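Trainee: I'm new to this one, could you walk me through it slowly? I'd like to begin with how side chains pair up and then move on to the helices.

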Amino acid sequence: MTLDTQLHALRQVGELGTDRIADAQLAAIAALLTRADDRRSLSADHTVVGLFGATGSGKSSLTNALVGEPIARSHVRRPTTSEPLAVTWDPAGAAALLDWLGVRDRHSRDAPIDPRAQQLILLDLPDFDSVEVEHRETAERLAGQVDALVWVVDPQKYADAVLHTDFIARHARHGAVTIVVLNQVDLLPAADVPRVVESLRGLLADDGLRGVRILPTSATTGEGIGELRSAIGALAEARVAQAARLTADVSALASDVPGPGSAARSSKGDARGRARDLTERLGDAAGVDVVARAVAGSYRKRSGQATGWPIVSWILRLRADPLARLGLRPGKGPKKDPELHRSSMPAMNASAQAKTSLAVRGYADGLSEGLTEPWRAGIREQGQSTIAALPDKLDLAITRSSLPTKGSWWWVIFGVLQWVSIAAALGGVLWLLAIAFLPNLALQAPVVPKVEGWPLTTLLILGGVLLGILLGVIGSALGAATAAGRRRSARRSLLAQVGAVAQEFVVAPIDVELDRVRRFDTALAAARG
């Protein structure tokens, strides 16, 4: 993975982590990105190597030994390391970089400490354990800016807690650009040097700095100075110290940023199942079943009017249509604009509003399960922000639903047959009346034929009545069965509209937040390398 990729990922972590990770971490990310941009905009050919150590570790003497001249002691105003001193071998190209580093005390030399270090910047830094606060702050600042770190320790204070806890451990990820120098080994018996080196190696391992090179040196005798020059020359020749340093900085900082949790990888099938459950619960709160029952009730009423025995079915006309009571029955004329027209359903009561709220919260909590609290809270807030608008949106969804309110083709057939039955029964009654009253008017009474011994008038009356009743019973059964189907169809249509509202106002906004979680998780993994 390239440094560019990691820096881009870290920038995404900062952008996506706003309001989700600690402000201090956001500030650290911004500072590192700025530092990386600044350093990469300056000379890529120069390698900045800083010598860090405690008071008395011999940094200045080591600097003089490396350069081959008493530069660190030549400045009359610098009896101790109170501010950083730079030695360069390409002053023109190093000036801007030293300005950025804030190093004013600069010395230029011609002969490099190693043939491969023609463009080296060597810094002798203030003591990090100085009683002067500004000295320590300078050391801490430059420890975060130099390309390579040389930790200079002496036999007396190589186990110092300040050195290990406050400095080396904090930069333990920079092993690729770190050299540890055990200076002043001339103060130790030769036989003790390996033992002290191994002791120091164990302390460094405890700090997290394993496998780092430890060089025993003495500025007084010159022991190990050649090896140190060669090690620094190898860093300068590779020209990877800058990238390696920044890579380690990015990885270290990203590793300190907490991940969002495991819900970032929840399955799509699980999300769809939760969305269906959300739609069902919102539909219950919005009164989908109430409307679906009204559709069925309206159909049964109109079916009874159309197919029932006309002598009694007119009574059904006195009953209010269930859909009409809800303001949902299609009227005659142009279709009403659902954006302007609302149903006549009562406003959501406290129970329905509670159901809506619980449905949204349950959906948000279900999808955010496994996330860390800041990310889970963000998804809850996203869901909570939609709850206030849902009642009106759900009512609009009910209004614009295409409900199955049309009559059935068989109503006409049953209606015709009912009137035939009425006509037959009425014909039989009139025939009987004619037989009874025409003789009183001196007219001849009509002859009544018989069928199987039954007078035709009786058959007409009985047949008409029985046919009407039978048609009414069959029509009622067919109407009930069809109404049940209409109820299911209406429920599907209503839930589809409710689902569209849920998708737009709940699912989609939360999906955006979940996508943010996933992108943050991916970016964090990339930034960690």
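Mentor: Keep in mind throughout that this is a predicted model. A search of the whole structure finds 23 salt bridges, and one of them joins the side chains of Asp37 and Arg11, with 3.3 Å from N to O.

Trainee: Where do Asp37 and Arg11 sit in the chain?

Mentor: Asp37 belongs to helix 2, residues 23-41, while Arg11 lies in helix 1, residues 3-16, so that pair, 26 residues apart, links distant parts of the chain.

Trainee: Switching topic, at what angle do helix 18 and helix 19 pack?

Mentor: Helix 18 (residues 410-437) packs against helix 19 (residues 456-528) at an angle of about 160°, and their axes are 7 Å apart. Because angles over 145 degrees count that way, helix 18 is roughly antiparallel to helix 19.

Trainee: And which kinds of residues make up that contact?

Mentor: The contact of helix 18 with helix 19 is made of 16 nonpolar residues and 10 polar ones, with no charged residues, and the crossing is left-handed.

Trainee: How many residues does helix 19 have, and where does it bend?

Mentor: Helix 19 has 73 residues and spans 100 Å from its first C-alpha to its last, close to the 108 Å expected, although it bends by about 45° at Gln503. After helix 19 comes Gly529, which has a positive phi, near 80°.

How values were computed
Residues are numbered from 1 along each chain as its sequence is written. This is a predicted model: local features need pLDDT of at least 70, side-chain atom pairs count only at pLDDT 80 or more; totals for chains, interfaces and linings use all residues. Side-chain values use heavy atoms; hydrogens and water are left out. Axes are lines fitted to C-alpha atoms, for helices over the stretch in contact, and angles run from 0 to 180 degrees between N-to-C directions. Helices (H or I, at least four residues) and strands (E, at least two) are DSSP runs, numbered from the N terminus. Angles under 35 degrees count as roughly parallel, over 145 as roughly antiparallel, 65 to 115 as roughly perpendicular and the rest as oblique. A crossing is left-handed if the near helix is turned anticlockwise from the far one by less than a right angle, and right-handed if clockwise. Ala, Val, Leu, Ile, Met, Phe, Trp, Tyr, Cys and Pro count as nonpolar, Asp, Glu, Lys and Arg as charged, and the others, Gly among them, as polar. The expected span of a helix is 1.5 Å times one less than its number of residues. The bend at a residue is the angle between axes fitted to the seven residues ending there and the seven starting there. A salt bridge is a side-chain nitrogen of Lys or Arg within 4 Å of a carboxyl oxygen of Asp or Glu.
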